[in-house]
Amino acid sequence: MSALTAARLERALGDPADSKTLFSYARCAELDRAEAFPEAICAELDRLGLPRQYVPEAYGGALTGLQELADLVRVVARRDLTVAIGHAKSYLGAACVWTAGTPEQARPLADRLVAGAPVSWGLTERAHGSDLLATGLAAAPDGSGGYRLTGEKWLINNATRGELICVLARTDPAGGPRALSLFLVDKNLLGPAYRCLPKQRTHGIRGADISGIAFDGALIPADALVGEAGHGAETVLRTLQLTRTVCTALSLGAADHALRQAAAFTAGRELYGGRLARFPHVRRTLGRAHATLLACEAVSLVANRSAGALPGEQSVAASVVKSFVPERVDALIADCGELLGGRAFLTAIHEHGSFQKLARDHRVVGIFDGNQAVNRNALINQFPVLARRYREGRVDPVGLSTAVTPGSPLPPVAPGRLELVSRGGSSVVQNLPSAVAALRTAEGTDPRLLALAERLLARCETLHGELTALRPARIASARAFDLAEEYEECFAGAAVLHLWLAGAGRPAHRPELGLWARPELWQDGLWARAALAAVLGRRGQEPGDGAESDALYDAVQAVGAAPAAGKETR
């Protein structure tokens, strides 16, 4: 079977603006109003072979790197987030088995998944939320080698629909760092010893199966254990480094959708005797939104490639990208909503109400696989090594070069190489001084780009000075969370700069990679200037007079905006 590419998937799904298309905006709006799961659409994605992309090649699937998977998820999310979240959850549910399971577990799971069986991931509980170490679901030995599960998991995506669910459970009542284990549970084998908890009504992704599952002494066999007993929390933390990174594709797809609507509306809307798109504030807002998308594409691309190229540093990259991208896309959506005015709130009139649905749906993306506070806290825990490695200038040159050079050969993701804490810090950030030095001496460097890069470096130097002086604490201070946000910005800006340098200032000629790779936007460093300005700005602003946003808007209008659903990028 040939590989399922983003372009092939886009083409196969048809035009979402055509209400006769199965995966149309009209159909998704209808399902949202009914709070109904998109069964038929997910079945079509199964038929097209998307589940095969969730399975590593070693087990008969097509999954090699995270970027290829993210590209496919973005295509689906560009049309509807409920569908993307409901379908891609199977990758999240199976990922722990790819990380720590045996081949004897992984192969049957792969077969089931490719055949379309939904897989769920049961981590959170009603009383404990994201505090996984407080997990209450108990897995007690039954005396014959198996375990009995007692307790429940709650607010779980596909908990009811899923045929299999990977759950985190307590195997040592005494607690401690080795008290938790993972189990792959086949619900078909449990009989009456479990029950699905009611679907919870949600503000966004109304049709998604957000429910739960309760076990009443359910007997599971010994071979349901994933990895070693007592290593459940460690496996989850490693796996989250992959799933958090892929989750950003949901945000990029949402950004594509929001920008398409805002650009089309302002281009066609007559107001006060002229086109709305010609108003300076509108041009500035749309330019800033496109610049935000560029920055998010850059940091997502580097983080996805780092999973294969810099696996020992992925604990940093995953925390950064999962915090940075959803927040910035929320702001992008708000800007687009401002331009749409009342149409941003209508539920049926303007494009079947897809914008208000998009805005509601995307707000939940930041919560998936650890919310922003969880991810920033994970970054804060690594501050000492990040500060030390930055002072040392420690860089993995080969891994970094691979991570920031799209199209270069990339090692397959090897979960066993992921580290709970990066001992090497972050090569992306730690190489920033060298990158800026290279930019200074590069022939033809645009002085505006260099000025932004110098500003980024100065901010990074100041930040690491504070990190060096920061005293570790059991409970992180409010200032530490501010510093985590600043570190995210340094990482994102460094990703932009590294991608620019890797292209040697020449057009990438890879438009399928996203807006940043449109060749026309490389002239005078435009895309990199705009993305850096977006990173360095705060609360919808940018440094200077907004010239980068205005220039980007003009260029995007000339070459075409971000990819739209149903349009194949060439």
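**The nonpolar core and its surroundings**

Tutor: This is a predicted model. The largest nonpolar core holds 160 residues, and Tyr91, Trp98 and Trp527 touch the most other members. Take Tyr91. Leaving aside neighbours within four places in sequence, Tyr91 is in contact with Tyr54, Leu63, Leu66, Leu69, Trp98, Leu242, Thr243 and Val246.

Now the helices. Helix 8 covers residues 280-309. Of its 30 residues, 27 are buried, so helix 8 is mostly covered. Its length also checks out: at 1.5 Å a residue it should span 44 Å, and its end C-alpha atoms are 43 Å apart, which agrees.

Next, helix 17, residues 478-502. His498 sits in this helix. His498 counts as buried because its relative accessibility is 5%, and the cut-off for buried is under 20%. Not counting residues up to four places away in sequence, His498 touches Leu400, Val404, Ser427, Val428, Asn431, Leu432 and Ala435.

Gly503 lies in the loop between helix 17 and helix 18 (526-536). Its relative accessibility is 18%, so Gly503 counts as buried too. Gly503 and Pro406 are 97 residues apart in sequence, yet their C-alpha atoms are 9.1 Å apart in space.

Notes. Residues numbered from 1 in each chain as written. Predicted model: local features only at pLDDT ≥ 70, side-chain atom pairs only at ≥ 80, totals over all residues. Heavy atoms only, no water. Helix = DSSP H or I, 4+ residues; strand = E, 2+ residues; numbered from the N terminus. Buried < 20%, exposed > 50% of the residue type's maximum accessible area, 1.4 Å probe, protein only. Contact = heavy atoms within 4.5 Å. Expected span 1.5 Å × (residues − 1). Core = buried A, V, L, I, M, F, W, Y, C linked by side-chain atoms within 4.5 Å.
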